[in-house]
Structure formats: C-alpha cells, structure tokens
Amino acid sequence: GLIVIGVGLAVLVAPASLRWPRTVIVLVVLTPIFDRYFIADWLPANVAQLAHFLSEGVLLTVGTALGFQAWRRGRLVPAIRHPVTIAFGAFLAVTLISALVNAVPPQVALVGIGFTLDAAACFYLPRLVGFSVRQSLIAVGVILALVMVSAIGGLIQWTLNPNFLGLVVWQGWFGEVYRLASIFSDPNTFGALLIGAIPFAAFGITSLHRPGHRLAALIAAILLFMPLYLSFSRGAWGGLVVGGGIALAFMSWRTLAITVGIGIISLMMAVTVPRMVLYDAPPPPPLPEVEATPEPPRQPSLIESTIGRIAEIWAGRDLRTLFIVNGVPIVLDHPLVGVGPGRYGGAAADVFGSPVYAEYGTDKLFLDPNQRTVDNFWLHTLVETGILGLAAFVAAGLAALVPLIRAARRLRGWNRFLVGGIAGGTAAMAANAVTTMLLEANSVAFVLWFLLGLGSLALGALGLSRDPAAPAVAAAEVEASKVAPPS
C-alpha cells in the first residue's frame with residue numbers, strides 16, 4: 001500500500017514540478033520535516049521507518065523532472081557550472097577510490113555515498129529553474145515562517161503545557177526536566193533550525209530601513225533565542241557561537257554585537273522567568289505520621305545542567321567524546337582515503353554493519369539500541385573518506401559560503417538580509433554538525449544546501465558574481481544592492 005502511495009505521489013509531483021517549479025522545490029526542501037516528524041507518527045511502528053525515504057523519493061523525482069527540463073532549455077550546464085561542483089566531484093572521486101581500496105561491497109558504498117550526498121542535490125534545484133532575489137526572499141520567508149511557528153509553539157509548551165496540542169518534549173540526562181522540541185520529535189533538530197534562522201533576524205535589525213521591520217526582527221530574534229535555550233541543544237548553542245559568530249564577525253561587527261546582546265538578554269529571561277506551570281502540582285502535605293516528604297520535580301536549570309554536561313565530558317564519560325577518541329586511531333591507520341563509504345558512524349554502517357566496529361572496538365560504544373550513529377557528521381566523514389575526502393567536502397561548503405560572506409559586507413537592505421542571513425545561518429548549522437549527523441540525509445541538510453543554492457543565485461542576480469545560472473534582475477534591484485557603509 002505504501003509503495004502504491006509513493007508511486008502515485010511521484011506521478012503527481014513530477015508534472016507539478018514542471019508547472020510550478022519554485023513552489024514544488026520549497027516543498028521538497030521541507031519534505032524531510034514532514035516525513036520524519038509527522039507522517040512517521042501516523043504510520044504503524046513496523047512501517048514508520050519507510051516514511052523517512054519519502055523525501056529522498058520526492059527529491060529524486062523532482063530533480064529528474066527539472067533536470068530534464070533544464071537540459072531541454074539549455075539551463076542544465078549553467079546550473080552545475082559552479083566551484084561547488086568541482087569540490088563535490090573531488091569528494092566523489094575520493095569516496096570511490098576509498099571504496100575500491102577497502103573492498104567495500106557495492107551496495108554498502110552506494111548507500112553510504114548516497115546518504116552523504118543526496119541532500120547536496122538541493123543546492124542545484126533552485127539553480128535549475130532560477131530564482132530572482134524577490135523569489136528567493138519569498139522562499140526563505142516560507143522556511144522562516146515554519147521555524148517561527150515552531151518557536152512560538154515551543155514557548156507555548158514552556159508557559160502553558162509541555163504537551164500542548166500533542167507537541168513533544170524530551171527528558172534530559174542532566175537535570176533538564178523538559179527539553180523543548182516543539183513540532184519536531186528531536187530537540188537537536190529544533191535547535192539547528194532555530195540557529196539557522198537567528199542570523200536572518202539579526203540582519204533584519206541592522207539592515208532593514210523601516211522601523212517597523214526592524215522592531216519585528218528584534219521581536220523575532222527574542223522569540224527564536226528563548227526556545228533555543230530551552231531545547232537544551234548545546235550543540236546548537238555551540239554552532240551559533242562558533243559558526244554563526246565567525247561568519248557574523250566577518251560580515252558585520254555591529255550585527256554580531258547586537259546578536260550577542262539579544263542572546264544575553266534572552267538567556268537571562270530563560271534562567272529567571274518562573275516556569276512552575278510546566279510541572280505537576282507538588283504533592284499534598286504529608287500526614288503527621290509520614291516522616292519523609294516526597295521531593296517535587298526540579299525545574300530545568302540551564303546553568304546547572306550545562307555544568308553537569310561539561311563535567312561528564314571532563315570525566316571522559318560523554319559518548320560523543322568517546323567516539324572521537326575511538327575514531328583517532330582509525331584515522332591514523334587510514335589517513336588519506338579512510339575506511340570506505342558506509343563503514344563508520346553513519347546510517348549505512350547502522351543498516352549493513354561494519355567490520356571496522358569490531359576491529360577498533362566501536363561496537364562497545366553502541367550498547368544503547370537507540371544510538372545508531374556517532375552523532376558527529378565531520379568525524380563520520382573524516383573516518384570514512386580520510387583527510388582528502390573531508391577536505392573536498394569542506395571545500396564544497398566553503399565554495400558556496402565564502403562568496404556570500406564577502407558580498408554581505410557590500411550589501412544593504414533586504415539584499416543584505418538575504419545574503420547575510422544565508423551565510424550566518426548555514427555557517428551555524430554546519431558548525432552544529434560537530435555534535436549531530438545533521439548533514440547526512442536529514443531535514444536540516446536539505447535546508448542548508450537549498451539556502452546556499454539560493455545565495456549563489458542572489459549574487460549573480462545582484463551583479464556580484466558571473467554565475468551563468470542566475471536570472472537577470474532589474475536595474476533598480478542592482479542599484480539597491482550597491483555598497484553599504486562599513487559596519
């Protein structure tokens with residue numbers, strides 16, 4: 001039944017992508033959110049995992065249809081003519097060499113490579129059809145609206161009821177009674193999307209001209225920061241500080257300073273505002289003959305729980321740290337091209353198993369049946385493809401990101417909001433992948449590569465690059481993008 005539904009959906013999506021390509025592309029980018037966090041919850045447990053492949057199927061169908069149309073219209077070659085393509089080609093070559101050197105079975109290698117590169121196709125989807133700056137702003141606005149709705153939902157969980165409208169919360173291990181996940185079943189995914197949106201709000205404050213727009217951006221920034229803290233996704237916190245912070249520092253010190261200030265104020269609010277409504281009422285007073293009074297549940301403490309997590313890492317008991325320690329000797333033994341695609345840390349190794357795990361004792365770290373990956377995309381990539389593979393993949397990201405950072409310093413108004421927001425948000429999400437597998441066949445990876453694709457088109461449309469895939473833009477729009485005062 002599910003296969004029939006999937007085939008029927010493909011039949012419907014393919015012609016729709018030819019009629020309304022930009023609308024369908026945005027839906028494709030958001031599909032992983034729906035198949036993992038909505039559709040999977042509606043299906044029986046024994047087939048729920050199949051829903052996770054819906055986004056890959058839709059991506060393949062739409063990509064094939066748009067690719068064929070682009071070929072007929074002469075847009076296919078311009079769409080793939082970008083430095084990112086060269087870096088991905090190098091990465092693919094390294095993974096194939098690694099698969100041959102390590103005698104990886106073809107099906108394992110194919111799945112391992114596919115899970116790593118499938119989301120990168122989202123970089124090319126907008127380039128196949130072309131997005132103007134205005135169309136890019138609309139597409140980004142749809143994504144930001146979804147993130148904002150989830151942020152408000154998280155705040156409603158915090159203030160009214162943790163299970164408001166069936167939303168999900170997690171119990172943490174370090175005193176976090178509730179970790180907000182809003183419409184997602186994973187607070188880490190929730191946190192990653194929040195840090196991807198915060199730089200847009202920050203540039204809205206510093207770049208937009210109308211006071212009403214700046215005020216709305218300020219309110220949005222606070223509404224994004226608050227649930228970010230209460231998700232207790234420390235990897236997202238670190239991603240925003242390191243990736244987002246470095247990108248903002250290169251683009252605009254003023255925007256960085258304002259973002260830090262809003263972050264501090266929001267942290268103070270998250271720490272000090274009473275949250276007793278989230279908890280069960282304390283037990284009634286004990287009868288005289290009862291000696292001990294049951295202890296009510298503790299409130300989640302951002303400070304205490306974070307200190308507890310740091311102590312866990314310092315004591316050498318943090319699982320992510322143990323995976324890094326486990327991966328070091330593997331990298332030393334296979335430094336250049338790694339142990340082969342699908343052999344370490346990712347979904348393919350979980351599906352097919354890996355001889356590397358037994359050889360290096362990695363299997364001893366997977367005692368929890370719910371722990372299926374190493375929760376570190378960059379470690380996974382380094383061990384599987386070596387230094388050469390990791391360098392090629394990082395080069396692909398930098399080839400798309402660095403021009404955006406450079407251009408954002410020269411832009412103003414909505415153009416700076418778009419380009420600077422994409423640069424800051426994607427940098428933050430990429431840094432967050434140090435503590436998650438966000439860039440492997442994941443909802444966040446679809447969004448990240450799609451945003452970078454839009455950014456590449458925006459630079460060409462604004463006359464800041466010679467990208468052949470960029471659509472022509474009106475002279476007035478180019479004029480609005482001229483150099484802004486340094487900041």
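## Helices α17 and α18

α17 passes α18 in a left-handed crossing, where left-handed means that the near helix is turned anticlockwise from the far one by less than a right angle, and right-handed that it is turned clockwise. The model is predicted: local features need pLDDT of at least 70 and side-chain atom pairs pLDDT 80 or more, while totals for chains, interfaces and linings use all residues. Residues are numbered from 1 along each chain as its sequence is written, and side-chain values use heavy atoms, with hydrogens and water left out.

The axes of α17 and α18 lie 9 Å apart, at an angle of about 165°; axes are lines fitted to C-alpha atoms over the stretch in contact, and angles run from 0 to 180 degrees between N-to-C directions. The two helices are therefore roughly antiparallel (over 145 degrees; under 35 is roughly parallel, 65 to 115 roughly perpendicular, the rest oblique). On the α17 side the contact (heavy atoms within 4.5 Å) includes Trp378, Leu401 and Leu404, which belong to a group that meets α18 residues including Arg416, Val419 and Gly420. By class, the contact of α17 with α18 has eleven nonpolar residues, two polar and one charged; Ala, Val, Leu, Ile, Met, Phe, Trp, Tyr, Cys and Pro count as nonpolar, Asp, Glu, Lys and Arg as charged, and the others, Gly among them, as polar.

## Overall content

The protein has 20 helices and two strands, taken as DSSP runs numbered from the N terminus (helices H or I, at least four residues; strands E, at least two). Of its 487 residues, 53% count as buried, that is, under 20% relative accessible area with a 1.4 Å probe and protein chains only (exposed is over 50%, partly exposed in between). Among the contacts in the protein with a separation of 6 or more, 77% join residues 24 or more positions apart.

## Two further helix pairs

α18 (residues 413-432) also packs with α8 (residues 133-159), at an angle of about 55° and with the axes 11 Å apart. α8 and α18 are therefore oblique to each other, and their crossing is left-handed. Val133, Ser136, Leu137, Val140 and Leu144 from α8 meet Trp414, Asn415, Phe417 and Leu418 from α18. The contact of α8 with α18 holds seven nonpolar, two polar and no charged residues.

α5 (residues 83-101) and α6 (residues 106-117) cross at roughly 155°, and their axes come within 11 Å. This pair is therefore roughly antiparallel, and the crossing is right-handed. Phe88, Phe91, Leu92, Thr95, Leu96 and Ala99 in α5 meet Ala109, Ile113, Thr116 and Leu117 in α6.

## Aromatic pairs

Rings of Phe, Tyr and Trp (its six-membered ring) pair if their centres lie within 6.5 Å; planes under 30 degrees apart are stacked, over 60 edge-to-face, the rest tilted. By this rule there are 19 aromatic pairs. One of them joins tyrosine 344 and tyrosine 357, with ring centres 5.9 Å apart and planes at 85°, so the pair is edge-to-face. Tyrosine 344 sits in the loop between α14 and α15 and tyrosine 357 in helix α16, 13 residues apart. Tyrosine 344 is buried at 0% relative accessibility, and tyrosine 357 is buried at 10%.

Phenylalanine 377 and tryptophan 378 have ring centres 5.1 Å apart and planes at 80°, so this pair is edge-to-face. Phenylalanine 377 is buried, with a relative accessible area of 0%.

## Loop residues

Phenylalanine 232 has a positive phi of about 55° although it is not a glycine. Most residues other than glycine have a negative phi. Phenylalanine 232 lies in the loop between α10 (211-230) and α11 (234-251) and is buried at 1% relative accessibility. Aspartate 375, also not a glycine, has a positive phi of about 55°; its place is the loop between α16 and α17 (377-408).

Proline 468 is in the loop between α19 (443-461) and α20 (475-480) and is partly exposed, at 37% relative accessible area. Apart from residues up to four places away in sequence, proline 468 touches Pro78 and Arg81. The C-alpha atoms of proline 468 and arginine 127 are separated by 9.5 Å, while the two residues are 341 residues apart along the chain.
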